[in-house]
Amino acid sequence: MDVRIKIRIDALISRQMTGSPKKLASKLGITERTVYNYIAFMKHELNAPIVYDYQKLSYVYSEEWDFKFNNK
């Protein structure tokens, strides 16, 4: 998985500007299935509190969360 895509997804989620999974895929130049794979990875492996908000039509963080790299 490309870390640059994860960083971009995080930025869009933080601003609540992902749009639908199909629109997010278009923004990122990847398939919709790949969007689901990235979101699942971020949720399960990075413990990101990502949910889809059907009113905003965007992925959002359900609580405050920062995507960080650990230099240890």
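## Helices α2 and α3

Helix α2 (residues 21-28) and helix α3 (residues 32-44) are roughly perpendicular to each other; angles of 65 to 115 degrees count as such, while those under 35 are roughly parallel, those over 145 roughly antiparallel and the rest oblique. Their axes come within 8 Å and cross at roughly 95°. Axes here are lines fitted to C-alpha atoms, for helices over the stretch in contact, with angles running from 0 to 180 degrees between N-to-C directions. Helices (H or I, at least four residues) and strands (E, at least two) are DSSP runs numbered from the N terminus.

On the α2 side the contact is made by P21, K22, L24 and A25, and on the α3 side by E32, V35 and Y36; contact means heavy atoms within 4.5 Å. By class, this contact has five nonpolar, no polar and two charged residues. Ala, Val, Leu, Ile, Met, Phe, Trp, Tyr, Cys and Pro count as nonpolar, Asp, Glu, Lys and Arg as charged, and the others, Gly among them, as polar.

## Basis of the model

The model is predicted: local features need pLDDT of at least 70 and side-chain atom pairs count only at pLDDT 80 or more, while totals for chains, interfaces and linings use all residues. Residues are numbered from 1 along each chain as its sequence is written, and side-chain values use heavy atoms, with hydrogens and water left out.

## Residue E32

E32 lies in helix α3. Leaving aside residues up to four places away in sequence, E32 touches P21, K22 and A25. At 32% relative accessibility, E32 counts as partly exposed; buried means under 20% relative accessible area, exposed over 50% and partly exposed in between, with a 1.4 Å probe and protein chains only. From T18, E32 is 14 residues away in sequence and 12 Å away in space, C-alpha to C-alpha.

## Helix α1 and its partners

The axes of α1 (residues 3-14) and α2 come within 11 Å and cross at roughly 130°. That makes α1 oblique to α2. In this contact, I5, R8, I9 and L12 of α1 meet L24, K27 and L28 of α2. The residues comprise five nonpolar, no polar and two charged.

Against α3, α1 packs at an angle of about 80°, with the axes 11 Å apart. That makes α1 roughly perpendicular to α3. I5, K6, I9, D10 and I13 of α1 make the contact with Y38, I39, F41 and M42 of α3. Here the division is seven nonpolar, no polar and two charged residues.

## Aromatic pairs

A search of the whole structure finds three aromatic pairs. Rings of Phe, Tyr and Trp (its six-membered ring) pair if their centres lie within 6.5 Å; planes under 30 degrees apart count as stacked, over 60 as edge-to-face and the rest as tilted. Y52 and Y59 form an edge-to-face pair, 5.1 Å centre to centre with 75° between the planes. Both Y52 and Y59 are buried. The rings of Y61 and W65 have centres 5.3 Å apart and planes at 45°, so this pair is tilted. Y61 counts as buried, at 14% relative accessibility. Ring pairs also link Y52, Y54 and Y59 into a cluster.

## Positive phi angles in loops

Q16, in the loop between α1 and α2, has a phi near 55°, a positive value in a residue other than glycine. At 36% relative accessibility, Q16 counts as partly exposed. L57 sits in the loop between β1 (50-53) and β2 (58-61), and its phi is near 55°, again positive in a residue other than glycine.
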